[in-house]
Amino acid sequence: LLRLELLRAQEAAQEQAGSPLPEQVRAVVAVLAGRGSHTPQSPTGTAAPSSARTSLETASVICFCASSSSSSPVSFLCAEPMVQKNPESLQSSCGNGLETGALQRLTNLLLVEGLTDIQQKEHDILQVETTKGLPSTSKSIPLEKLFLPLSKLSIPPRISVTVGVAGVGKSTLVKLFVCSWAKGEIGRDILFVLPLTFKELNTHEKLSAERLLCSACPRIAAPGSVPAGAARTLLILDGLDEFKTPLDFSNAVVCTDPKKEIQVDNLITNIIRGNLLQEASVWVTARPAAAGQIPSGLVDRMTEIRGFGAAEMKDFLDQMFLDDRDLSSQVLQHIRANRSLHVLCTIPGFCRISASSIAYFLKHSSDQSQEATVVPRTLSEIYSYYFKMALSGDWLEKPREALRIEQAVNTSKKLVGSLGRLAFYGLLRRKHVFYEQDMKVYGIDLSLLHSCLSTRLLLKEDMPASTAYYFSHLTIQEFLAALYYYTAAKRAIFDLFAESGVSWPKLGFLSHFRSAVQRALQAEDGQLDIFIRFLSGLLSPPVNRLLSGWLLLKDEHGAWRSQAVGALQGCLTAEHAVSWRAVNAMRCLHELRHTDTAEAVEEAMRSGTLAGMLTPMNCSALAYLLQVSDVCLEETNLSNCLTYNVCKSLLSQLLFCHSLRLDNNQFKDDVMELLGSVLSGKDCQIQRLR
């Protein structure tokens, strides 16, 4: 304070004379505060930027540091220059890569009461498809109020969780918040922000609370420099779904010693429980299923990131195709013409992939014969175009010689094969982030990862201790996994799901296809749903035409397609309730371009002749149509066609119909009880019931 000329020598000597340290601190603060209260006003009536204001700011820092308990893991000595360095270092590290045009959506989050059943149990893509990408009726909360009390009577949340499906922008949201905080635009009550990703935490086996804080901000966080207590510290843990170890709150070892090094998963559970870093606020981001690992009783506030609205999708595409607004309009028109695709494109990560594929199709459709042109309608066709674009290096502006193109394609095929094996076994282990050791195990040449193909499929993130690699979207990993399985199944003699190779012999592609279908059916959380859709799609004639000569052999699918259809239809004959796995099997048939069953049921819905034809297979087709058919867009009319058993089997799917018409079905009281239980469910989206 003497050095900053904020305290006179006489005052300093007087305060130091014989009194205990806490009394000295209080006396100094009183002197500074008294001097600040007599701050002269500028001619405009506002306080002039004088040393008195600096005195008050410094006083608050000293007061906080002196009042913090020395036993607390984060109540370390804090100098004002250190407080200034934190926002400066964060602004330089987090300000890169933010696309300002697409950030407005992230300035308002949905305030939710918890996770729904479908969020906890189903695949991200299925969640979007089922809810039809419509915005939730939940209240919204501005980003600047995310860590503030909701009312004058409440307190700020200690544990906040923000959920969102893969590709919706969770990490972008964190960057936006950190950057805005560093500029002083939001969170002015927060003194320190310490961002960490679970990708970084994966590189540690053991950590202490103190080392965790130091790793969050290495440029400023030497032990003894991070504050908490009276001034808030916010610890951000981004991407729980990328953590290598599931959190186990039931069996976690209790730890209250901030200096003790423990397993990283135990450290996180102790922080969330409040055994460590009690004074710090904690913000966790995760995909919904991963967020379900945290007991709801420990979460003070849960928010959700919404997808694109109509105007935001248009703005996003205009940003993608800045130099060609006509192309942007054509892409948007194509997306809107396909209801299923339009719903999925409310997710930015998926929208980027789909728009790139459709733009590639539109640019090259005039170069192809009518027979070879495939208008992308299914997931598999969208991703086939994306991979064909990536393999051909189409986004490169510079023309290349034919020989060099052929060499590049051959190299790319090998890389796709290696990445596919990594993707498949990563998917089985629920692993979405990989490190150099993983790449070596799966025979991936790291020198090839700088190619343009790789940058379209695999992203790289350099960290202090290691380098992380991850697929640009979850669906990219799933498509690569399906490509690998499709190729390997033609020659494998053992079950590919057993990585060790020890299993009963399995010969022939169809044997492996049936095995994959059974595995997908048995996965309770839909982990393999999109993988099996892509695997089915690789057997469709349009995809074979697209990728033949690149990743597939021409017309090889013909011998297997009909039997694959039979294997999928065999999943739809059960007499019990229509499950999400059965609906996914219908989507697999759609990927195969086998739509006879769905078309027959849709026509019966249009003509009102559904009565008597709702067999178990047709019930599955009906459940699928509830999500995708234009017949059900305004109103789902199931009048005069349902029996008690059929209604019971469809209950879990009827939840997501906004307007439901069930008159003239001669229902009795027991069905009314079923409908009552549906209407009271957290997932229920029924607005009108007739």
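## Exercises on helix packing

In helix 26, Thr597, Ala598, Val601, Glu602 and Met605 meet Met617, Asn618, Ala621, Leu622, Tyr624 and Leu625 of helix 27, where contact means heavy atoms within 4.5 Å. The model is predicted, and local features need pLDDT of at least 70, side-chain atom pairs 80 or more, while totals for chains, interfaces and linings use all residues. Residues are numbered from 1 along each chain as its sequence is written, and side-chain values use heavy atoms, without hydrogens and water.

**Exercise 1.** Classify the crossing of helix 26 and helix 27.

*Solution.*
- Take the axes of helix 26 (residues 596-607) and helix 27 (residues 616-628): they come within 9 Å and cross at roughly 75°.
- Apply the cut-off: 65 to 115 degrees counts as roughly perpendicular.
- Helix 26 and helix 27 are therefore roughly perpendicular to each other.

**Exercise 2.** Decide whether Asp529 is buried or exposed.

*Solution.*
- Locate Asp529: it lies in helix 22 (residues 529-537).
- Recall the cut-offs: buried is under 20% relative accessible area, exposed over 50%, partly exposed in between (1.4 Å probe, protein chains only).
- Asp529 has 1% relative accessibility, so it counts as buried.
- List its contacts, leaving out residues up to four places away in sequence: Glu122, Leu126, Ala520, Arg581 and Asn584.

**Exercise 3.** Find how the buried residues of helix 24 are arranged around its axis.

*Solution.*
- Pick the buried residues of helix 24: Trp560, Ala564, Val565, Ala567 and Leu568.
- Seen down the axis, they fall within an arc of 160°, so they line one face of helix 24.
- On the other side, Ala559 and Ser562 are exposed.
- The buried residues of helix 24 pack against helix 20 (474-489), helix 21 (509-522), helix 22 and helix 25 (580-591).

Terms used
Axes fitted to C-alpha atoms, helices over the stretch in contact; angles between N-to-C directions. Helix = DSSP H or I, 4+ residues; strand = E, 2+ residues; numbered from the N terminus. Parallel < 35°, antiparallel > 145°, perpendicular 65-115°, else oblique. Arc of directions from axis to C-beta.
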